Amino acid sequence: MNVLIIGGGMLGRETARQLDSLGHGVVVVDENPENLGLLDAGFGGVTYVGFPMDLNVLRQAGIESCDAVAVTTSDDNLNIAVGQIAKKYFKVERVAARISDPAREDIFERVGLRTVCPTNMAGEKLVAELVSPWQSRQVTFGTATIALEVRPAERQHFGRTTGDVDLPGCGIFGLIRADGRFLLKETAGNLPISEGDALVLTRRID
């Protein structure tokens, strides 16, 4: 894939590094050349200095021939604007945008942008580390990475089943009962959730 990354901060650089290591064609755009200079010495992609709201900058960076766009700056307003330009004006089908404010995540999704919210992800990870005896794991299938997370069932879930609990951005893989038994949702069907249970969740992270 040819991927255009808007933003050369820490998230943008790490995304570029991982995509480059997987063999994808990567272009990173940032208006600050110092950010681009912090990319790994072995980075095999292309960098371009310019303001990402400038259509000419996006064209020169190759947006018209890219397969996907990642908007990773720390400015939510800039991210949604550039994401919409990429999707609506340049007709890029796969656009993912970073959003720092969880309350605004639905705004991004309503305009058709895939979202990654580091605030939500970090909060959930911290809670899991604090209250869960199980450690999360990541599994890679081809170019997709899936996170397996174990999260204690909340009071609001007690008496419901795994089929009628909706957790945004996650799927329920199974349950760990209070006595340590693991039940796979796929084979056991809709499982009743009780106090002391833990939910095993799946989340695609790239």
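N79 is buried because its relative accessibility is 0%, where buried means under 20% relative accessible area, exposed over 50% and partly exposed in between (1.4 Å probe, protein chains only). The structure is a predicted model, in which local features need pLDDT of at least 70 and side-chain atom pairs count only at pLDDT 80 or more, while totals for chains, interfaces and linings use all residues. Residues are numbered from 1 along each chain as its sequence is written, and side-chain values use heavy atoms, with hydrogens and water left out.

N79 belongs to helix α4; helices (H or I, at least four residues) and strands (E, at least two) are DSSP runs numbered from the N terminus. With neighbours within four places in sequence set aside, N79 is in contact with V71, T72, T73, A97, R98 and F108, contact meaning heavy atoms within 4.5 Å.

Helix α4 comprises 14 residues, 76-89, and extends 19 Å from its first C-alpha to its last. This is close to the 20 Å expected at 1.5 Å a residue, the expected span being 1.5 Å times one less than the number of residues. At the N-terminal end, D75 caps the helix, with a side-chain oxygen 2.9 Å from the backbone nitrogen of N77. Such a polar contact is a pair of N or O atoms within 3.5 Å; within protein, one must be able to donate a hydrogen and the other to accept it, and residues adjacent in sequence count only if both atoms are side-chain atoms. Just after α4, K91 has a positive phi of about 60°. The buried residues of the helix are D76, L78, N79, I80, V82, G83, I85, A86 and K87. Their cover includes β1 (2-6), α3 (55-60), β4 (68-71), β5 (94-98) and α5 (105-110).

L55, in helix α3, is partly exposed because its relative accessible area is 28%. Beyond neighbours within four places in sequence, L55 is in contact with I85, Y89 and F90. The C-alpha atoms of L55 and E154, which are 99 residues apart along the chain, are separated by 47 Å.

A nonpolar core is a set of buried Ala, Val, Leu, Ile, Met, Phe, Trp, Tyr and Cys residues joined through side-chain atoms within 4.5 Å. The largest such core has 24 residues, of which L4, I6, V29, L58, I63, V69 and V92 touch the most other members. Two or more residues of this core come from each of β1, β2 (25-30), α3, β4, α4 and β5. Helix α4 gives the most, with five residues. Apart from this core lies another, of eleven residues, among them A16, V28, L36 and L39. L4, leaving aside neighbours within four places in sequence, is in contact with V27, V29, L58, A61, I63, C66, A68, V69 and A70.

Over the whole protein chain there are seven helices and eleven strands. The C-alpha trace spans about 60 × 35 × 30 Å along its principal axes. Of the 206 residues in the chain, 39% are buried. Among contacts in the chain with a separation of 6 or more, 51% join residues 24 or more positions apart.
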